[in-house]
Amino acid sequence: MPAQSTLESSLQNQLLRQLGERLRLMRKAKCISAVELAQAAGISRSTLHAVESGAASPTMGTYLRVLAALGAAADLALVATAEPDRGPASPASNHIAQDYQSWLMHQEAVRRITNDPSLAGRAEATLEKWMAKGDARTMPLWTKWREILAGRRWDLALATSEEARELRQASPLSTVLPQDVRLDIIAKVRGLKELSSAEG
């Protein structure tokens with residue numbers, strides 16, 4: 001069996017972290033304490049902490065028990081019953097690398113806006129300029145971005161869904177990043193892609 005590529009591993013780690021964070025937010029939204037959820041799922045408090053941190057050490061069954069205890073096991077059922085892919089994408093493909101690069105840029109932009117809320121105003125100003133030009137094809141995405149910025153719905157910007165990927169392609173958030181930060185992220189992903197190609 002071929003070794004897992006560095007890029008593929010990074011993407012999987014990203015997905016696990018996002019899943020863990022979503023489970024934590026779901027628990028808090030339901031006003032369930034960590035102790036209560038751990039008991040309901042039949043796991044220890046430390047194991048729940050690992051799950052909510054997106055650690056790779058808990059088994060898939062453990063993640064499923066937490067989902068079930070939160071009443072969200074149906075979400076995993078959708079994945080389990082979905083139509084299978086025609087074939088795996090190459091870990092070194094441009095599509096995967098570009099999406100990962102975009103996600104990293106948005107993650108950094110959200111971190112900076114959280115630390116300096118005035119940066120959100122810069123993104124909003126950029127968005128309004130774009131919308132004034134009236135590109136009909138992109139307008140629905142920009143309208144959604146207006147809602148995201150107004151409500152600080154960063155979870156929508158950082159999700160891994162197809163809709164989120166489309167949103168990131170029409171995003172004003174990258175404009176808050178300094179050029180050197182963007183170049184560092186591009187170089188990082190390029191390095192991962194080259195390493196994946198060499199390992200493949």
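Modeller: A helix is a DSSP run (H or I) of at least four residues, and helices are numbered from the N terminus. In this predicted model, Thr59 accordingly falls in the loop between H3 and helix H4 (60-69).

Biologist: How many helices and strands does the chain have?

Modeller: There are 11 helices and zero strands. Read from the N terminus, the order of elements is α-α-α-α-α-α-α-α-α-α-α.

Biologist: What percentage of the residues in the chain is buried?

Modeller: A residue is called buried when its relative accessible area is under 20%. Of the 200 residues in the chain, 35% are buried. After H3 comes Gly54, which has a positive phi near 75°.

Biologist: Is Thr59 buried or partly exposed?

Modeller: Partly exposed covers the range between the buried limit of under 20% and the exposed limit of over 50%. Thr59 has a relative accessibility of 48%, so this residue is partly exposed. The side chain of Thr59 also makes a polar contact of 3.0 Å with the side chain of Thr62.

Biologist: Let us turn to a pair of helices. At roughly what angle do the axes of H7 and H8 cross?

Modeller: A crossing angle over 145 degrees counts as roughly antiparallel. The axes of H7 and H8 cross at roughly 155° and come within 10 Å; the two helices are therefore roughly antiparallel to each other. The crossing of H7 past H8 is left-handed.

Biologist: How many aromatic pairs does the count come to?

Modeller: Aromatic rings pair if their centres lie within 6.5 Å. By this rule, the count is one aromatic pair. The ring centres of Trp130 and Trp142 are 5.9 Å apart and the ring planes stand at 35°, so the pair is tilted. Because Trp130 belongs to helix H7 (residues 118-133) and Trp142 to helix H8 (residues 139-151), the pair ties together parts that are 12 residues apart in sequence.

Biologist: How far does the backbone oxygen of Ala157 lie from a polar atom of the Arg168 side chain?

Modeller: A polar contact requires N or O atoms within 3.5 Å. Here the backbone oxygen of Ala157 is 2.9 Å from a polar atom of the Arg168 side chain. Arg168 itself is part of helix H10 (residues 162-169) and is buried at 5% relative accessibility. With residues up to four places away in sequence left out, Arg168 touches Asp99, Ser102, Trp103, His106, Trp145, Ala157, Leu158 and Ala159.

Biologist: What percentage of the chain's contacts with a separation of 6 or more joins residues 24 or more positions apart?

Modeller: Such residues account for 67% of those contacts.

Methods
Residues are numbered from 1 along each chain as its sequence is written. This is a predicted model: local features need pLDDT of at least 70, side-chain atom pairs count only at pLDDT 80 or more; totals for chains, interfaces and linings use all residues. Side-chain values use heavy atoms; hydrogens and water are left out. Buried means under 20% relative accessible area, exposed over 50%, partly exposed in between (1.4 Å probe, protein chains only). A polar contact is a pair of N or O atoms within 3.5 Å; within protein, one must be able to donate a hydrogen and the other to accept it, and residues adjacent in sequence count only if both atoms are side-chain atoms. Contact means heavy atoms within 4.5 Å. Rings of Phe, Tyr and Trp (its six-membered ring) pair if their centres lie within 6.5 Å; planes under 30 degrees apart count as stacked, over 60 as edge-to-face and the rest as tilted. Axes are lines fitted to C-alpha atoms, for helices over the stretch in contact, and angles run from 0 to 180 degrees between N-to-C directions. Angles under 35 degrees count as roughly parallel, over 145 as roughly antiparallel, 65 to 115 as roughly perpendicular and the rest as oblique. A crossing is left-handed if the near helix is turned anticlockwise from the far one by less than a right angle, and right-handed if clockwise.
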